[in-house]
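Welcome! Here is a short tour of a structure, arranged by topic for someone meeting it for the first time. Please have a look at it before reading on.

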Protein chains: 4
Amino acid sequence: MFVWQSRVYWEDTDAGGIVYYANYLRFLERARSEWLRARGVSQRALAVDPGVVFSVFALELQYVRPARLDDLLAISCEPGALAGARLEFRQRVWRDGEQGELLLEASVHIACLDALSLKPRRLPVVIAEDPARSP
Amino acid sequence: MFVWQSRVYWEDTDAGGIVYYANYLRFLERARSEWLRARGVSQRALAVDPGVVFSVFALELQYVRPARLDDLLAISCEPGALAGARLEFRQRVWRDGEQGELLLEASVHIACLDALSLKPRRLPVVIAEDPARSP
Amino acid sequence: MFVWQSRVYWEDTDAGGIVYYANYLRFLERARSEWLRARGVSQRALAVDPGVVFSVFALELQYVRPARLDDLLAISCEPGALAGARLEFRQRVWRDGEQGELLLEASVHIACLDALSLKPRRLPVVIAEDPARSP
Amino acid sequence: MFVWQSRVYWEDTDAGGIVYYANYLRFLERARSEWLRARGVSQRALAVDPGVVFSVFALELQYVRPARLDDLLAISCEPGALAGARLEFRQRVWRDGEQGELLLEASVHIACLDALSLKPRRLPVVIAEDPARSP
């Protein structure tokens, strides 16, 4: 299971003293970007050759417990069902590593699009052939 | 149906030239805050008397079409099922008013919490007695 | 003097209970974008014809008093010195209108760039000929 | 010189394809928080004992070159003049380490405030006695 760590800073919190609900999506996206990078895939390079970009088209989130300033978060990225131009990730966020408290669970549905036309395109081979192998 | 308008600025967009996927949650929250304000409810006042805050505990989103810089968005806020300390909102986002293109659909599940203990509390009367009436 | 209004939402605040220091720059940019729009200038259109974009190259800020959740901010945008490809704005932020408490003062130095080469370009005529007239 | 590294993600960029001008302030704040953490100082602990918080009251920024998606930034944090309740930091941002391209220079003026009254307070000893020593 791919896990990425990220710290909670002032920018992530709100006046309730906890991480603002939209900002967990930034943590999730960092983990997905690092999952790609760990497989040797740069999104800037993919946009040029083979000319594809990724786009989230659906998202389900359960907020279990709040994260707070200075927390060190562990964010997982587990690829699941894959079909043509679509890929699903299950993602979770814990405080202090994946043995710590579970804070959030998410299902993220991604489409692979042509960088120019924004029409669906098959996933690049590097991702499609075996998304679940350890990068 | 309560609808709030908001403009897309540079801050909302990303290098893909469209609104960043997390930032739609900011637009949704603005509409929910304005729905409350239109009913005469200030969240700062509620936190003091009767001492409650609202917290999103689950969220489902469908991203239908992307919003772009300078778009004028219409964001709806439709209260649905209500039970004890919980309230559900259906929210949609359109470009150029609710006759325009549909960009996003969301179900937002909210809990009412005690401002100090963060334990569930009954919804304030002003919301609970008739969430669906026009504010 | 051009003044734009904007509300403070949860997204703007941090765990200190006040607006996060970076987020005032979003309010300032909204007011500059609306100053342009009030002069009939769309930044998306300018990027195509005559093919220019604006870029902040220097900024001075004085944070006078903090803004809080639910505050209604008034943000001014006053064009000043203009030279070739450069334009300076003085901007201020008040709580509850420009008769209210002063919260922030800023000098924003903007360059006009070619949208493709990102090299300096003369300001578009609609701005250069009389930046200080009321839009 | 204290230097902290941070990656540029989609969340940081705007439709111009570069990092949004307000978001550099988030990178600067991360480096200041890590400078404190490297000295054994937790901001959450400081807010309780001795009951102080830090607040930026002035800021000067020069944007030299734009950062882009996937860039790895190095952000320095160099304490300078110190007087009573005030501390100044010089901060710089480079692409690919402090031997790389300079992207931004900043002077950040910080006040130490009482966490409850928000009135000026002397800097905590751990910072005041020798802000410039390596943490």
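Over all chains, this predicted model holds 52 salt bridges, a salt bridge being a side-chain nitrogen of Lys or Arg within 4 Å of a carboxyl oxygen of Asp or Glu. One of them pairs the side chains of A:Arg44 and D:Asp71, with 3.5 Å from N to O. A:Arg44 sits in helix H2 (residues 43-48) of chain A and D:Asp71 in the loop between E2 and strand E3 (72-83) of chain D, so this pair joins two chains.

A few notes on reading what follows:

- Residues are numbered from 1 along each chain as its sequence is written, while chains are lettered from A and ligands numbered from 1 in the order in which they are written.
- Because the model is predicted, local features need pLDDT of at least 70 and side-chain atom pairs count only at pLDDT 80 or more, whereas totals for chains, interfaces and linings use all residues; side-chain values use heavy atoms, with hydrogens and water left out.
- Helices (H or I, at least four residues) and strands (E, at least two) are DSSP runs, numbered from the N terminus.
- In the residue classes, Ala, Val, Leu, Ile, Met, Phe, Trp, Tyr, Cys and Pro count as nonpolar, Asp, Glu, Lys and Arg as charged, and the others, Gly among them, as polar.

**Where chain A meets chain B**

- Chain A and chain B each bring 18 residues to their contact, where contact means heavy atoms within 4.5 Å.
- About 1,500 Å² is buried between chain A and chain B, and carbon and sulfur atoms give 61% of that area; buried area is the accessible area (1.4 Å probe) that two parts lose on being put together, summed over both.
- How many salt bridges are there between chain A and chain B? The count is zero.
- Nine residue pairs are in polar contact across this interface, both residues at pLDDT 80 or more. (A polar contact is a pair of N or O atoms within 3.5 Å; within protein, one must be able to donate a hydrogen and the other to accept it, and residues adjacent in sequence count only if both atoms are side-chain atoms.)
- On the side of chain A that touches chain B, helix H1 (24-38) and strand E2 (52-63) of chain A each supply at least two residues, and E2(A) gives the most, with eight.
- That side of chain A has twelve nonpolar, one polar and five charged residues.

**Where chain C meets chain A**

- Eight residues from chain C and eight residues from chain A make up this contact.
- The area buried between chain C and chain A is about 710 Å², with 72% from carbon and sulfur atoms.
- In chain C, the residues that lose the most area to chain A are C:Trp10, C:Ala15 and C:Tyr20, together 60% of what that side buries.
- Between chain C and chain A there are zero salt bridges, but four residue pairs are in polar contact (both at pLDDT 80 or more).
- The side of chain C that touches chain A divides into three nonpolar, three polar and two charged residues.

**Enclosed and open spaces**

- On a 1 Å grid over the protein atoms alone, a cavity is a set of points where a 1.4 Å probe fits but cannot get out, and a pocket is an open set with protein on both sides within 12 Å along at least five of seven lines; lining residues have an atom within 4 Å of a point.
- Grid points are joined across faces, edges and corners, and a volume is the space filled by probe spheres set on the points.
- The count comes to two cavities of 30 Å³ or more.
- The largest cavity holds about 240 Å³ of space.
- Of the 21 residues lining the largest cavity, A:Arg26, B:Arg26, C:Arg26, D:Asn23 and D:Arg26 lie nearest its centre.
- The lining of the largest cavity has seven nonpolar, six polar and eight charged residues.
- The second largest pocket has a volume of about 1,400 Å³, and of its 48 lining residues the closest to its centre are C:Gly16, C:Ile18, D:Val53, D:Phe54 and D:Ser55.
- E2(D) gives the most to the lining of the second largest pocket, with six residues.

**Backbone details**

- A cis peptide bond joins A:Asp49 and A:Pro50, with omega about 15 degrees; another joins C:Asp49 and C:Pro50, with omega about 10 degrees.
- A:Asp70 is not a glycine, although its phi is positive, at about 80 degrees.
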